[in-house]
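Thanks for coming. I will go through a few strands and then some charged pairs.

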Amino acid sequence: MRPGARTDIGPLARFITSEPSLGFGGWAVGGKGWGPPDDEVARRRAVERAVERGITFFDTAPSYGDGASEALLGRTLGPHREQVAIATKVGPYDDPRRSLEASLRRLACDYVDLLQLHEALERWEWQLERLYELQVKGKALAIGVCNATHLQLARALEIAPVVTYQGPYSLFDRDVEQRELPLCRERGLGFLAYRPLASGLLTGKYAAPPEFAEVDHRRGIYWFKGAEFERRGRVIDRLRPIARGLDMPLAGLALAWVLAQPGVSIVLAGARNREQVDQNLAGTRHLTPETLSAIDAIVAEAFRPAHATAQARTLAATWGPRERFIVERLDGESSAEAIAAQWTDRGDKPMIAAQVKVFVDQLLEQGLAEV
């Protein structure tokens with residue numbers, strides 16, 4: 001770890017405690033990429049409601065609404081600045097200093113509590129060095145990394161005093177359980193879980209595959225389409241009675257599941273109005289081990305590992321290396337998350353479970369795999 005980091009203050013000491021908590025994800029309040037733009041007054045009231053209900057951690061980025069999310073948070077959180085933590089990001093191709101200076105102007109403050117590298121792409125090590133320089137100058141109290149592989153995260157800890165990692169995590173999508181979350185627990189990093197509601201799917205409001213507008217980012221997400229939508233829909237239908245029995249909204253049940261997972265520090269849930277904030281906060285209730293086990297059993301039943309047929313193994317000899325790698329490990333026991341992590345362990349271009357699931361679904365349709 002580099003000397004000079006301000007480890008006496010920052011989000012770990014002030015806002016991330018031994019008990020996990022609910023944070024506010026600021027993408028949706030940016031007003032773009034999430035369906036028709038809501039009235040700004042409603043979005044601002046969502047932030048005000050979050051403060052009123054005791055949420056103290058707000059996560060945003062310059063790309064959320066092209067700066068609109070940061071600007072709205074800046075206008076709304078100003079009177080509460082000393083009571084809340086604000087985390088923002090630097091894009092993988094942005095100049096860190098210029099990016100943060102623009103963010104600070106929009107946020108109307110002199111520093112952020114946490115400055116994160118949004119993605120670990122080309123020259124990410126150089127980018128991380130620049131984030132550390134901004135921390136030393138007092139522009140950020142701490143620095144973190146988002147959307148990196150476990151190999152990149154381990155390397156990041158050799159470059160700078162990284163204190164948090166942010167990755168996607170929901171009861172559906174559990175890639176981080178394989179490598180990143182255990183590494184955070186081992187190295188004492190705070191883990192920030194984003195997309196805990198699977199981009200809104202786990203609210204249970206979609207009875208049929210939705211037709212999102214061209215500008216809505218969810219239009220390209222595979223679980224809102226076809227077989228994957230149907231599979232996840234069956235899980236949601238089986239989760240509804242559990243939520244009703246606990247007098248919780250489905251979204252609250254999904255958030256409570258993530259909050260219960262070992263090593264999770266903050267679960268970032270977005271909201272565009274006051275009602276959604278209240279719905280999310282229902283997820284701060286503790287779930288019993290029996291309830292957690294019941295949820296896991298339902299998900300496991302829907303996502304049973306496949307095994308490749310003899311024909312698939314023969315055909316795979318002529319396929320690309322990634323496809324061959326997957327087929328070789330379709331043994332009826334290995335999960336998509338485990339297969340993706342094993343590929344990523346090699347240090348090549350990383351793989352995520354979604355890529356494995358989509359490929360396996362294609363094999364199932366062609367009779368080249370079985371469950």
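**Charged pairs and a run of strands**

Glu 48 is partly exposed, because its relative accessibility is 37%. Its salt-bridge partner is Arg 44, with 3.9 Å from N to O. Arg 44 is also partly exposed, since its value is 31%. Both residues sit in helix α2, residues 40-52, and are four residues apart, about one turn of the helix. Please keep in mind that this is a predicted model.

Next, a pair from two helices. Glu 70 and Arg 106 form a salt bridge, with their closest N and O atoms 2.7 Å apart. Glu 70 belongs to helix α3 and Arg 106 to helix α4, so the pair ties together parts 36 residues apart in sequence. Is Glu 70 buried or exposed? Glu 70 is buried, at a relative accessible area of 0%, while Arg 106 is partly exposed at 29%.

In total, the count is 26 salt bridges.

Now the strands. In β5, residues 143-146, Ile 143 and Val 145 point one way, Gly 144 and Cys 146 the other, and all are buried. Strand β4 runs parallel to β5, joined by three bridges, and Leu 117 stands opposite Val 145. The chain gets from β4 to β5 through helix α5, in a right-handed crossover. On to β6: four bridges join this strand to β5, again parallel, and Tyr 165 is opposite Val 145. With helix α6, β5 and β6 make a right-handed β-α-β unit.

Note on methods: Residues are numbered from 1 along each chain as its sequence is written. This is a predicted model: local features need pLDDT of at least 70, side-chain atom pairs count only at pLDDT 80 or more; totals for chains, interfaces and linings use all residues. Side-chain values use heavy atoms; hydrogens and water are left out. Buried means under 20% relative accessible area, exposed over 50%, partly exposed in between (1.4 Å probe, protein chains only). Two strands pair if DSSP finds at least two bridges between them. A crossover is right-handed if, with the strands pointing away from the viewer, the path from the first strand over the helix to the second runs clockwise. A salt bridge is a side-chain nitrogen of Lys or Arg within 4 Å of a carboxyl oxygen of Asp or Glu.
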